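I opened this model to see how its chains meet and how far the prediction can be read. The entries below follow the order in which I looked things up.

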Protein chains: 2
Amino acid sequence: MKRPTGVITHPAGFSASGVSCGIKTGRDLPDLGLLVAEEPVPAAAVFTTNKVCAAPVLVSREHLRTSRGYIRAVVANSGNANACTGKQGLADARRMTQLTAELIGAQPHEVLVASTGVIGRPMPMKAAEAGIRKASEKLSSDYRGGAAFLRGILTTDRFPKEAERSVHVAGRTFLVSGVVKGAAMIAPGMATMLSFVTTDAGLERRRMQGLLSAAVGRTFNRITVDGHMSTNDTCVLLASGRSGVKVTAEGRMERKFARALEEVLLELALAIVRDGEGAVRTAEIRVRGARSDADAERAARAVAGSPLVKTALFGADPNWGRIVSMAGASGCAFTEDKTSLRINSLVIYRNGKPLPVTKDIENAMRSDHVVFDLSLGLGRGASGVYTCDLGHNYVRLNAEYTT
Amino acid sequence: MKRPTGVITHPAGFSASGVSCGIKTGRDLPDLGLLVAEEPVPAAAVFTTNKVCAAPVLVSREHLRTSRGYIRAVVANSGNANACTGKQGLADARRMTQLTAELIGAQPHEVLVASTGVIGRPMPMKAAEAGIRKASEKLSSDYRGGAAFLRGILTTDRFPKEAERSVHVAGRTFLVSGVVKGAAMIAPGMATMLSFVTTDAGLERRRMQGLLSAAVGRTFNRITVDGHMSTNDTCVLLASGRSGVKVTAEGRMERKFARALEEVLLELALAIVRDGEGAVRTAEIRVRGARSDADAERAARAVAGSPLVKTALFGADPNWGRIVSMAGASGCAFTEDKTSLRINSLVIYRNGKPLPVTKDIENAMRSDHVVFDLSLGLGRGASGVYTCDLGHNYVRLNAEYTT
């Protein structure tokens, strides 16, 4: 696998580490990481909206409230999601934050925790505690620390997913640097997405949640690999302020920061889709001309979630009827003779009439990234969703996950 | 393939035929069938609710209105869905009913039409017309006619799907006989479900729609193979009255008829799931204790539609966290510590606490039919959905459908 470049320790004020501690049983693979700020820094986070919510998500939410959003560290592990684990799971997640706090000299509520892996198995705490101790001794503020952290949270992603933007304004510079753990080859179970973003910009705590939620809404929330919402999704943003650049509310600098953040998250989101569940090909489902944006999103999500669409994508099969029919079943307003479909800008269905499948369209279906552009002709609503194909690797990986 | 027994011509008053006419190009396979009543008989039908609606569905709906529900014949074909085919498609579907009417001596609006196959290709009308002519010469009221009809509408179902009940009351007997074309191995594209039910019971036309809709709601509408609603779903009920048994409104006989109809449709529905998209295993997702029936159905459908659940079913992997987490993401009311899950009656998750995966549970996952019983502990709402696994055959079949 390509080596991570360790972006999250590029911004000043952060150190990180990653270790192998045996949470992933029987394999000496990295499975735990620590990300530590030099002092409590303003933080924001978004979490899964699944009503089955993993213990680390519950504990992190609680700690963000108790600390009023000032965070020292994140402890994250792969190999076990600590979800559906009842009271013991909660105690275990708390213990992970407590031990981390002790070792770095912080309060437990200044520590967030994130886990990914199989659901419904108790967290192997002996391994986790040993890992946290080891990781606390290896913290490093250079790129190696960031790289080790990322390795610690990957399960079997085929490549590390990092993105970074540096923003220059009026002779000054700050960094926005993010990593994500996607759904990958051997243990992709729940698409349990963990993402951590650091910046050395100086952000106002009260603005951060809005900025992060908006960016996530336009990036991570617009991808789907298999439509199965995780119990562990977590995206954390930490701002050290160490660049000296102050991002004030609603100013030009905030817009610059927001754009950089969105670009970083979009790059990470697309990397997840590219690495989704053994995928060979990605797609964007664009819907325009819908009665409303919500209608467009409903159609785009339905199409992106259809196994028939995804297997056709795998087989490079220009079976476009599957796309139109799924949009028609999505519940959005729909009139056949106003509907058109383009595949990589080539028209295949115009105002309810099919056109011949040309060689060009067959070739378009074979490209690495296919854009389906569905125009409903009913209004100005628009949306888009990114997804990947569903092929034999997906079946192989997911039929053999826990046993 | 097992030979059909030809049930739909068992009830008195019907004849049928099936032919190969070249709609399925390049293969000399049965692809058209005719089902004819001796005189106009009361009929009821339910159709897809997809807003992308195939031409034959539009024409059949129109004809049911024009004829006030008295129907002489159904012409059905496989190999081409005549969906997303614009005005030409409508003209073609009309022409199929018109030619059938001419040949059997009926009015065009007394003929229904149903098609299944690939979407977005013009109906090869030369072949279809030749097929209708040939089929009209081969009509037979014995079982051979019924068997040929069924062969004509199958695409590549691995086995014919027929069900029949005879009802005896007060020394008299009537039959309820149904066939269905499911989603199968080579051309399963849209799960375009066509089903035809004949009975020689005497039914009141005004009661038939309600009886059929209720039975479909409890049977066909409770299965999912891949969550992709067809543009062509059609289920037609025709009643010849030739048994001499009169089924009067809301009487004991009507309840008997309703039960027989539901049993026939359930048997057909389960056969579709068993033969779904290369499936090796079926499952029932039962949800109890929900806040409402609608909530229970929402959870059951979400679980049954999850590719992660379906690939685990394929691999006989007791990865039950996927089921609980999908229910949690479904939007139904949900409280983890009131939730329990059984697999073939063996408890694996009790009130939010995971239990060990035993050998018995591993064996249960390997059975041909697995019942997941999810209890939400919040109320009296209940529902259930039948589905099948998603394995390599599904991918293989659906990646190589049109090209």
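How many residues of chain A are in contact with chain B? I count contact when the C-beta atoms of two residues, placed from the backbone, lie within 7 Å. By that test 48 residues of chain A are in contact with 48 residues of chain B.

**Conventions.** This is a predicted model, in which local features need pLDDT of at least 70 and side-chain atom pairs count only at pLDDT 80 or more, while totals for chains, interfaces and linings use all residues. Residues are numbered from 1 along each chain as its sequence is written, and chains are lettered from A and ligands numbered from 1 in the order in which they are written.

**Confidence.** I looked up pLDDT, the predictor's confidence in each residue, from 0 to 100. Chain A has a mean of 89, with 95% of its residues at 70 or more. I took helices (H or I, at least four residues) and strands (E, at least two) as DSSP runs numbered from the N terminus. In chain A, the mean is highest in helix H3 (residues 125-137), at 98, and lowest in strand S9 (residues 223-224), at 78. Residues 184-191 of chain A fall below 50, yet this stretch has 36 contacts in the model beyond near neighbours in sequence. Where pLDDT is low, the predicted coordinates should not be read in detail. For the complex, the predictor gives an ipTM of 0.79 and a pTM of 0.81.

**Interface.** Because 100% of the interface residues of chain A are also interface residues in chain B, the copies meet through the same surface. I then looked at helix H11 (residues 392-399) of chain A for buried residues (20 or more other C-beta atoms within 10 Å of the residue's own, C-beta atoms being placed from the backbone). They are Tyr394(A), Val395(A), Leu397(A), Asn398(A) and Ala399(A). These buried residues pack against helix H8 (307-314) and helix H11 (392-399) of chain B.

**Sheet of chain B.** I counted two strands as paired if DSSP finds at least two bridges between them. Seven strands of chain B form an open sheet with mixed pairing, in the order S9-S17-S12-S16-S13-S14-S15. Strand S9 (223-224) and strand S15 (353-354) of chain B are the edges, each pairing on one side only. S9(B) and strand S17 (residues 381-388) of chain B run parallel, joined by two bridges. Opposite Ile223(B) stands Tyr386(B) in S17(B).

**Hairpins of chain A.** Strand S13 (residues 340-343) and strand S14 (residues 346-350) of chain A pair in the antiparallel sense over three bridges. Ile343(A) stands opposite Leu346(A) in S14(A). This hairpin has two residues between its strands, and Asn344(A) takes a positive phi near 45°. S14(A) also pairs with S15(A) in the antiparallel sense, over two bridges. Arg350(A) has Lys353(A) in S15(A) as its bridge partner. The hairpin of S14(A) and S15(A) has two residues between the strands, and Asn351(A) in the turn has a positive phi of about 50°.

Note on methods
Buried ≥ 20, exposed ≤ 12 C-beta atoms within 10 Å, placed from the backbone.
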